[in-house]
Amino acid sequence: MSSFKILHYPDQRLRNIAQPVNNINQEIYNIVNNMIKIMHQEEGIGLAATQINIPLQIIVINIIETKNTDLILINPKITDRKGLISIEEGCLSIPEYRAFIPRSNYIKIEAMNIYEKKIEIEAESILSICIQHEIDHLIGKLFIDYLSDLKKNRINKKFHKLKKTIKKGTKSM
């Protein structure tokens, strides 16, 4: 079991901007392995290091839901994008909320893999959406940031009310 925990909105640490990984060492391997475990354990299809309070440019993705098909991207950068697509997105850091978010249907990215090899990936559809969602986390952006102010205010009220309820429950115990 991992010692890392997923941060939940409205935790301000989700707004931290990740720094590039300069050296892939045992610590990075451990972080990546923990991220993959957490992603599978929580039944997610992607996870950014910033979601577990590690401010490094690392994302892991698995849209196939089988072990050994995890995509590990270190220092990912989108170099090309085309087309539009929108599906209902969710996020492990914002449980129980989903929204349609406009994304590029096709992207090309450059990144490093876990072996410090530069890789280039072309992605479409759900993989493209997932990569864009996780890269947003690396710059402190959440999928709800794409919503109208009215919808964001509703979400904020809901989560602040939930936070107060949890605090009251904790105090009475």
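Select strand E6 (residues 106–112) and strand E7 of this predicted model. The two strands pair in the antiparallel sense over seven bridges.

Five strands form an open sheet in the order E1-E2-E3-E6-E7, with antiparallel pairing. Strand E1 (46–48) and strand E7 (118–124) are the edge strands, each pairing on one side only. From one strand to the next, the twist averages 40°.

Turn to the nonpolar interior. In soluble globular proteins, nonpolar side chains tend to be buried together. Here the largest nonpolar core has 22 residues. Show Ile28, Val32, Met35, Leu47, Ile58, Val60 and Ile74, the residues with the most contacts inside this core. Helix H1 (26–41), strand E2 (58–61) and strand E3 (71–82) each supply at least two residues of the core. Its largest share, seven residues, comes from H1.

Center the view on Val60. Apart from neighbours within four places in sequence, Val60 is in contact with Val32, Met35, Ile36, Met39, Ile45, Gly46, Leu47, Leu71 and Ile72. Then select Ala18, Ile121, Leu127 and Ile135, which are included in a second, separate core of 16 residues.

Move to Asn62, in the loop between E2 and E3. Is Asn62 buried or exposed? Its relative accessible area is 1%, so Asn62 is buried. The side chain of Asn62 makes a polar contact with the side chain of Asp70, at 2.8 Å. Sequence neighbours within four places aside, the residues in contact with Asn62 are Met39, His40, Gly44, Ile45, Thr69 and Asp70. Met39 and Ile45 were also among the contacts of Val60.

Last, look at the cysteines. Cys91 is buried, with a relative accessible area of 10%. Cys130 is buried as well, at 5% relative accessibility. How many disulfides are there? With a cut-off of 2.5 Å between cysteine sulfur atoms, the count comes to zero.

Definitions and conventions: Residues are numbered from 1 along each chain as its sequence is written. This is a predicted model: local features need pLDDT of at least 70, side-chain atom pairs count only at pLDDT 80 or more; totals for chains, interfaces and linings use all residues. Side-chain values use heavy atoms; hydrogens and water are left out. Buried means under 20% relative accessible area, exposed over 50%, partly exposed in between (1.4 Å probe, protein chains only). A nonpolar core is a set of buried Ala, Val, Leu, Ile, Met, Phe, Trp, Tyr and Cys residues joined through side-chain atoms within 4.5 Å. Helices (H or I, at least four residues) and strands (E, at least two) are DSSP runs, numbered from the N terminus. Contact means heavy atoms within 4.5 Å. Two strands pair if DSSP finds at least two bridges between them. Axes are lines fitted to C-alpha atoms, for helices over the stretch in contact, and angles run from 0 to 180 degrees between N-to-C directions. A polar contact is a pair of N or O atoms within 3.5 Å; within protein, one must be able to donate a hydrogen and the other to accept it, and residues adjacent in sequence count only if both atoms are side-chain atoms.
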